[in-house]
Amino acid sequence: MPYKKLIIPLLIGLFNALLLIFPREVLGAAREGLLLWFHTILPSLLPFVIGTNLLIKLGFMRFIGGIIAPLTKNVFGISGAGGTAFITGIVSGYPIGAKTVGDLCREGDIKPDEARRLLAFCNNAGPLFIVGAVGIGMFGDAKAGYLLWVGHILGALAVGLLGRSGEKNKKNNFGGIQRNYLQRLNGEPFGKALGESVKNAMEAMILVGGLIILFNVVACIFRLMIGLEEGIAAGIFGGLLEISGGTKAIAAEGINTLSLAAAAFVIAFGGFSVHAQAMHFTAGTGIKAGVYLSCKILHGVLAAVFTVILFTLL
């Protein structure tokens, strides 16, 4: 129907109008998002992005992929190159896992089918954010951060294993990555690879910063409209849009079973700000947003369950 084409422009127009209705709150939310990006996200992620880009362009990801291919194939049903994407996503955090999947797919190191499966469980929050920002900075306890981090990783592994069960009868094509992998170290010249890696990393970080600011403002407007300012419910709602503000509101309720479960869900789900970044970095790989979102919801539920179990036991 032609009316459907009007929905998005009307929503954007409403958003612009709300910016004028709540100028003070919007300015504060935008400033908060900018400072979060500049002081935390940019310095913590930029070196990882440059390093990951360099490893891909120099062919080192193919080399490592060849070594770990037997393990990743038997456990997750993915190639060795796919395994490096999971490791990168776990270590560096959002949205580097998604960017690595997109880059590997465009470079021909993994197939589009594998890229779709990989994104379901390799785009994760990093330990620096979970332990440092959330555990120490928000909950005021490093133990809470480590608990959330372990639950987060266990949830991601469970999603990967569940995806493996659906692929067990299919024959995987690993592109010969595990064979003659020493020959695959031939990549671009270092000077060219370094320049392109820094350029691509800066472009990626500017995009990430813009989306963080945008969704921080959107979350602020939604909270003002529905009257949710504090509490776990407000944190979960805000976390569905932007992860940092949501976890901060949840952590204000202290360390207990409910707050840890809610924080685990929000961190694993990632928020639509992270999902917008993931869809940008994997554009052209055939990944459908609906399938990816379903897997992130599953990851959120599993991470919350594992976190509650660990909290109860420990």
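Analyst: **A helix pair and one of its threonines**

Start with a polar contact: a polar side-chain atom of Thr 88 lies 2.8 Å from the backbone oxygen of Thr 84. Keep in mind that the model is predicted, so every distance here is computed from predicted coordinates. Thr 88 belongs to helix H4. As for spacing along a helix, an α-helix has 3.6 residues a turn, so residues three or four places apart point the same way.

Is Thr 88 buried or exposed? Its relative accessibility is 13%, and because buried means under 20%, Thr 88 counts as buried. Setting aside residues up to four places away in sequence, the neighbours that Thr 88 touches are Thr 52, Met 61, Gly 93, Ile 96 and Thr 100.

H4 covers residues 80–92 and H5 covers residues 96–107. Their axes come within 8 Å and cross at roughly 155°. Angles over 145 degrees count as roughly antiparallel, and therefore H4 and H5 are roughly antiparallel to each other. The crossing of H4 past H5 is right-handed. By class, you get five nonpolar and six polar residues, with no charged ones.

Pro 95 sits in the loop between H4 and H5, and a cis peptide bond joins Tyr 94 to Pro 95, with omega at about -10°. For context, most peptide bonds are trans.

Now for another helix pair to set beside this one. H9 (residues 190–226) and H10 (residues 232–241) pack at about 145°, with their axes 9 Å apart. H9 also passes H10 in a right-handed crossing. Phe 215, Val 218, Ala 219, Phe 222, Arg 223 and Ile 226 come from H9, while Phe 237, Gly 238 and Leu 241 come from H10. The class count for this contact is seven nonpolar, one polar and one charged.

Helix H6 (residues 112–122) is mostly covered, with eight of its 11 residues buried; Glu 114, Arg 117 and Phe 121 are among them. In helix H8 (residues 142–165) you find Leu 147, which is buried at a relative accessible area of 12%. Leaving out neighbours within four places in sequence, Leu 147 is in contact with Leu 260, Thr 307, Leu 310, Phe 311 and Leu 314. Then there is Gly 132 in helix H7 (residues 127–139): at 28% relative accessibility, Gly 132 counts as partly exposed. Beyond four places in sequence, Gly 132 touches Pro 127 and Gly 137.

Conventions:
Residues numbered from 1 in each chain as written. Predicted model: local features only at pLDDT ≥ 70, side-chain atom pairs only at ≥ 80, totals over all residues. Heavy atoms only, no water. Axes fitted to C-alpha atoms, helices over the stretch in contact; angles between N-to-C directions. Helix = DSSP H or I, 4+ residues; strand = E, 2+ residues; numbered from the N terminus. Parallel < 35°, antiparallel > 145°, perpendicular 65-115°, else oblique. Left-handed = near helix turned anticlockwise from the far one by under 90°. Nonpolar A, V, L, I, M, F, W, Y, C, P; charged D, E, K, R; others polar. Buried < 20%, exposed > 50% of the residue type's maximum accessible area, 1.4 Å probe, protein only. Polar contact = N/O pair within 3.5 Å; in protein donor to acceptor, adjacent residues only side chain to side chain. Contact = heavy atoms within 4.5 Å.
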